[in-house]
Amino acid sequence: MPGSTEICILGSRELTEPFRGVGLAAAITDADSVLERAVELGQGSYKIVFYAEEYYPLLREFLLRRGGGVFPTFIPIPSVGDGERYATQRLRELIKKAIGVDVYWEAK
Amino acid sequence: MRLNVNATRMELLKLRRRSAIATRGHKLLKDKLEELMRNVYLLVDEIQALRKEVEDALRKAFARYAQAVAQRDPRVTDIATSLPSVKLSIEAGTRRILNVKAPTFKPKLEGRIRCYGFLETSGELDLSLQAMYAVLEKMVLLAEKEKTLELVAEEIERTRRRVNALEYIVIPNITETIAFIKLKLSEMERGNLTRLMRIKEIIRG
């Protein structure tokens, strides 16, 4: 995988290609192999792994199991095209877990 | 629920000490919980603004990239982006927020993004990569903030469980046991006094 050794993009070819152009490592995957790839990246030396938010439902369990591990940090980014906004949903879940109320939209 | 201890003065002293420590711990944990919650509110504000900015910028960049691919041979675009001369590195560290180990990232970008020939590639490709390059730092910052929020949320859950355990189980149990021992001791004292009075009466008689 050419590119950065510290930041990786996990997603489809359309998503990873432009990031590869600005020096990020690209891990091309699809819905069938995304979990495998995520586990692999989780054991690697990357500090941040940005993944396409469309894969969040498939990675949810894995991310929960990772729990308090700091590196690599898995962060969802919007997928190419319109789809479910899982990144926002994930944030709302986190906030609700922390303070018991969903203040994500009321905050501003 | 009363604790299973002997009703002695020694146990009473021990329990009083435990009660003082538990009350102090409860207060400290509650303060910690409040501070963590304050941190969450600050993080939510920051993340909300940052995420919107990053998502908007990425959507625009993706649209431009799609145009670039559509305008020229996709293989050319693929080759153009396959060996970038930009080097992105991050200085990763950790900092502590109320005993929560949160990550810190300092991105460092070196080199030029345009390392391909302009003849066969579309102008949209330049613009899309430029937009992508511009948003990278914000993406790294977003990663730092979101991970911190995740860790703080977990710590809040843990702390809340501890506060509740102290508030509803440990402190009430100790208080109940202290009250029981006090009653038992005063009862024993009354028994002793009565016994002494009775003995005195027998000696006199």
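Author: With contacts: two residues are in contact if their C-beta atoms, placed from the backbone, lie within 7 Å. Among contacts in chain A between residues at least 6 apart in sequence, 53% join residues at least 24 apart. Bear in mind that this is a predicted model.

Reader: What does the predictor say about the complex and about chain B?

Author: For the complex, the ipTM is 0.86 and the pTM 0.83. Chain B has a mean pLDDT of 88, with 95% of its residues at 70 or more. Among its elements, helix 2 of chain B (residues 74–82) has the lowest mean, 70, while helix 3 of chain B (residues 123–204) has the highest, 92.

Reader: How is chain A put together?

Author: Chain A has four helices and four strands. Going along the sequence, the pattern reads β-α-β-α-β-α-β-α. Of its 108 residues, 48% count as buried.

Reader: What makes Ile7(A) count as buried or exposed?

Author: The cut-off for buried is 20 or more other C-beta atoms within 10 Å. Ile7(A) has 26, and therefore it is buried. You'll find Ile7(A) in strand 1 of chain A (residues 7–11).

Reader: Which residues does Ile7(A) touch, leaving aside neighbours within four places in sequence?

Author: Its contacts are Leu24(A), Ala25(A), Tyr46(A), Lys47(A) and Ile48(A), plus Leu88(B) and Ile90(B) from chain B. As for Thr73(A), that residue sits 66 places from Ile7(A) along the chain, and their C-alpha atoms are 9.5 Å apart.

Reader: And what about Asp32(A), buried or exposed?

Author: Exposed takes 12 or fewer neighbours. Asp32(A) has 8 inside 10 Å, so it counts as exposed. Asp32(A) is in the loop between strand 2 (25–28) and helix 2 (34–43) of chain A. From Glu53(A), 21 residues away in sequence, its C-alpha is 15 Å away in space.

Reader: How do you know which faces of strand 4 of chain A are covered?

Author: Check each side in turn. Thr73(A), Ile75(A) and Ile77(A) on one side are buried, and Phe74(A) and Pro76(A) on the other are buried too.

Reader: What makes strand 3 and strand 4 of chain A a pair?

Author: Pairing needs at least two bridges. These strands of chain A have five, in the parallel sense. Phe50(A), for one, stands opposite Ile75(A) in strand 4 of chain A.

Reader: How do you know what span to expect for helix 4 of chain A?

Author: The expected span is 1.5 Å times one less than the number of residues. With 14 residues that comes to 20 Å, and the end C-alpha atoms of helix 4 of chain A are 20 Å apart, so the two agree. After the helix comes Gly100(A), with a positive phi near 85 degrees.

Reader: Which residues of helix 4 of chain A are buried, and where do they sit around the axis?

Author: The buried ones are Ala87(A), Leu91(A), Leu94(A), Ile95(A) and Ala98(A). Their arc around the axis is only 95 degrees, which means they lie on the same side of helix 4 of chain A. Residues three or four places apart in an α-helix point the same way, because there are 3.6 residues a turn. Their cover includes strand 4 of chain A, along with helix 1 (9–71) and helix 3 of chain B.

Reader: How many residues does each chain put into the contact?

Author: Chain A gives 36 residues and chain B gives 48. Helix 4 of chain A supplies the largest share of chain A's side, seven residues. By class, that side has 23 nonpolar, seven polar and six charged residues.

Reader: Over in chain B, what joins strand 1 to strand 2?

Author: There are 11 bridges between strand 1 (residues 87–97) and strand 2 (residues 100–110) of chain B, which run antiparallel. In strand 2 of chain B, Leu109(B) is the bridge partner of Leu88(B).

Key:
Residues are numbered from 1 along each chain as its sequence is written. Chains are lettered from A and ligands numbered from 1 in the order in which they are written. This is a predicted model: local features need pLDDT of at least 70, side-chain atom pairs count only at pLDDT 80 or more; totals for chains, interfaces and linings use all residues. Helices (H or I, at least four residues) and strands (E, at least two) are DSSP runs, numbered from the N terminus. Ala, Val, Leu, Ile, Met, Phe, Trp, Tyr, Cys and Pro count as nonpolar, Asp, Glu, Lys and Arg as charged, and the others, Gly among them, as polar. pLDDT is the predictor's confidence in each residue, from 0 to 100. The arc is that of the directions from the helix axis to the C-beta atoms.
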